[in-house]
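This report looks at charged pairs, at one helix and at one strand residue. Please keep the sequence and the structure in view while reading.

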Amino acid sequence: EKVSSVFSESETASVIRSIRAKRPDFQLEEFLHLLRSYIVPDILESFVTGDLPSLKRWCSESAYRVLEATLNPSQTAGHVFEGKVLDVRDLDMIAAKLIEDHPVLVVSLTAQQLFCVKDVKGEVVDGSENGPENVQYIMAFTVDDTEKNPSGWSLVEIAIRDRNSTW
């Protein structure tokens, strides 16, 4: 029994095998490149500009509800989102899990972004006009078999680990 547990399949290998059952051509490095160059910048740009329709395209229903609840009060109050993603870096896979038989890949990353929300008078109510900040995110993605988004991946969870000014 000890020998079989030493050589048993890791959780990461099990998750990748599960993804390849749906997508035989899946390659982890290509997925991480797709995240870094296209998916994550688009999600973050949608978030910092308050673009809920674009977020809906990328998110699972539960992830979308969380982001919508975060943005909706400002939008309802007529606030204006002024944001821009400047850079996404240090994107690494930190975990792979099977959650309710769904393969989930968890990544950490740092985004350099501008984020500022202004009220109807033009006064800053969230974020800063003083320059970019570094934000460390954790994001979880799963295979999306629907036609909802072009990448075939859906954001199932997002969290901010740290946020600090670059100045």
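A salt bridge is taken here as a side-chain nitrogen of Lys or Arg within 4 Å of a carboxyl oxygen of Asp or Glu. The model is a predicted one, and a search of the whole structure finds 7 salt bridges. Side chains of opposite charge can pair when their charged atoms come close.

| Salt bridge | N to O distance | Relative accessible area |
|---|---|---|
| D42 and R57 | 2.7 Å | D42 24%, R57 30% |
| R89 and D87 | 3.0 Å | R89 27%, D87 31% |
| K118 and E129 | 2.7 Å | K118 14%, E129 52% |

The side chains of D42 and R57 meet in a salt bridge. Because D42 lies in helix α3 and R57 in helix α4, which covers residues 52–58, this pair ties together parts that are 15 residues apart in sequence. D42 is partly exposed, and R57 is likewise partly exposed.

In the bridge between R89 and D87, R89 is partly exposed, and D87 is partly exposed as well.

The side chains of K118 and E129 also meet in a salt bridge. Since K118 lies in strand β2 and E129 in the loop between β3 (124–127) and β4, the pair ties together parts that are 11 residues apart in sequence. K118 counts as buried, its 14% relative accessibility falling under the 20% cut-off, whereas E129 is exposed, its 52% being over 50%. Both residues belong, together with E82, to a network of salt bridges.

Strand β4 also contains M139, a buried residue with a relative accessible area of 0%. Not counting residues up to four places away in sequence, M139 touches V40, L44, L105, V106, V107, L109, L155, E157 and I158. F115, by comparison, is 24 residues from M139 in sequence, and the two C-alpha atoms are 19 Å apart in space.

How well does the span of helix α2 agree with what its number of residues predicts? At 1.5 Å a residue, the 12 residues of α2 (residues 11–22) should span 16 Å, and the end C-alpha atoms are 17 Å apart, which agrees. Within α2, the residues S14, V15, I16, S18 and I19 are buried. An α-helix has 3.6 residues a turn, so residues three or four places apart point the same way. The cover over the buried residues of α2 includes helix α3 (28–48) and the strands β1 (80–99), β2 (102–118), β4 (133–143) and β5 (153–165).

Methods:
Residues numbered from 1 in each chain as written. Predicted model: local features only at pLDDT ≥ 70, side-chain atom pairs only at ≥ 80, totals over all residues. Heavy atoms only, no water. Helix = DSSP H or I, 4+ residues; strand = E, 2+ residues; numbered from the N terminus. Expected span 1.5 Å × (residues − 1). Buried < 20%, exposed > 50% of the residue type's maximum accessible area, 1.4 Å probe, protein only. Contact = heavy atoms within 4.5 Å.
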